[in-house]
Amino acid sequence: MSKVAIITDTNSGIMPAEGEALGIKVLPTPFMIDGVEYLEGINLSQEEFFRKLADGADVSTSQPSPGSTIELWDIMLKDYDEIVYIPLSSGLSSSCQTALMLAEDYENKVFVVNNQRISVTMRQSVLDAIEMRDKGMSGKEIKDKLEEVKFESSIYIMLDTLYYLKKGGRITPAAAALGTLLKLKPVLQIQGEKLDAFAKARTVTQGKNIMINAAMSDIENRFGGLDAHDVHLSGAYSYDLEKANEFKAEVEAAFPGYKMHMDPLSLVVSCHIGPGALAIACSKKIHI
């Protein structure tokens, strides 16, 4: 039986220290802030990131460099026969495509998973990979299974502000001004590889209800129904933990018998949507 290493990046919400506890390796995502490179989970914390964002710093995202990726693969292959590498969705970053290209030189040793996920659903893919590895599945079998179920997940995110979407050029200044004037709370959706508009809420309460109802509809219509308990229910937030815990309690009340795992949103997502966002996610359980 092959010895399989699991590697991901911090877009999963798993930081390097937590990765060590899980028995996996985590590549930190690089950020350029006012011309200086920072590494998520190494010398860039959530608190430091949002402080710099609030101060108006020039923030841009990058991807783990090919050199750092190859270096880690080579180190791990000294002790492991195979690697399963789970990067950020190819629809949101070029890091997956870069990794697939690099893996061509590691035939039958490095299996790059393109399963179109980010944040808490990507985290679940990593946990599923660990479980499959521990049950004796090979690197190729793990990759194939994760890609087979890649669309069996959803994330809904309610924004607190339109400022960062405007700053990043994702909406026009006029649309941002109108949305701010009307106090709209946009709800975005990540299903598969794209971040898309889903709904517009007038209040935070309405936005929360839109997300809860959307997740409930997915579970009922796509994931076997609430009574089957065949999904992982997760939540995410940007910076406001108190608000996140309130939302967690509301979600668990709406889904009796379910527990919601809550994580900070990936900084790659937070960079574009700003603080105060809330998200709900569900992903179908893997059966082996």
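Thr10 touches Met15, Pro16, Val26, Leu27, Pro28, Thr29 and Glu40, not counting residues up to four places away in sequence; contact here means heavy atoms within 4.5 Å. This is a predicted model, in which local features need pLDDT of at least 70 and side-chain atom pairs count only at pLDDT 80 or more, while totals for chains, interfaces and linings use all residues. Residues are numbered from 1 along each chain as its sequence is written, and side-chain values use heavy atoms, with hydrogens and water left out.

Thr10 lies in the loop between β1 and α1 (16-22). Helices (H or I, at least four residues) and strands (E, at least two) are DSSP runs, numbered from the N terminus. The side chains of Thr10 and Glu40 are joined by a polar contact of 2.9 Å. A polar contact is a pair of N or O atoms within 3.5 Å; within protein, one must be able to donate a hydrogen and the other to accept it, and residues adjacent in sequence count only if both atoms are side-chain atoms.

Thr29 belongs to the loop between β2 (25-27) and β3 (30-33). A polar contact of 3.3 Å links its side chain to that of Asn11. Leaving aside residues up to four places away in sequence, Thr29 touches several residues, among them Asp9, Thr10, Glu40 and Val268.

Ile42 is found in the loop between β4 (36-39) and α2. With the same exclusion of residues up to four places away in sequence, Ile42 touches Pro16 and Pro28. Ile42 and Ala17 are 25 residues apart in sequence, and their C-alpha atoms are 9.0 Å apart in space.

Buried means under 20% relative accessible area, exposed over 50%, and partly exposed in between (1.4 Å probe, protein chains only).

| Residue | Relative accessible area | Class |
|---|---|---|
| Thr10 | 0% | buried |
| Thr29 | 1% | buried |
| Ile42 | 53% | exposed |
| Phe50 | 4% | buried |
| Tyr239 | 45% | partly exposed |

**Aromatic pairs**

The structure holds seven aromatic pairs. Rings of Phe, Tyr and Trp (its six-membered ring) pair if their centres lie within 6.5 Å; planes under 30 degrees apart count as stacked, over 60 as edge-to-face and the rest as tilted. The ring centres of Phe50 and Tyr239 are 4.8 Å apart and the planes stand at 35°, so this pair is tilted. Phe50 lies in helix α2 (residues 46-54) and Tyr239 in the loop between β11 (231-237) and α10 (241-254), so the pair ties together parts that are 189 residues apart in sequence. For Phe255 and Tyr258, the centres are 6.0 Å apart and the planes at 75°, so the pair is edge-to-face. Both Phe255 and Tyr258 are buried. One aromatic cluster is formed by Phe31, Phe49, Phe50 and Tyr239.

In helix α6 (residues 139-148), the residues Gly139, Ile142, Lys143, Lys145 and Leu146 are buried. Seen down the axis of α6, these residues fall within an arc of 165°, so they line one face of the helix; the arc is that of the directions from the helix axis to the C-beta atoms. Their cover includes β1 (4-9), β6 (82-86), β7 (110-112) and α5 (119-134).

Helix α9 (residues 204-222) has 19 residues and reaches 26 Å from its first C-alpha to its last, close to the 27 Å expected at 1.5 Å a residue. That expected span is 1.5 Å times one less than the number of residues. Among the buried residues of α9 are Gly207, Lys208, Met211 and Asp218. Just after α9, Gly224 takes a positive phi of about 90°.
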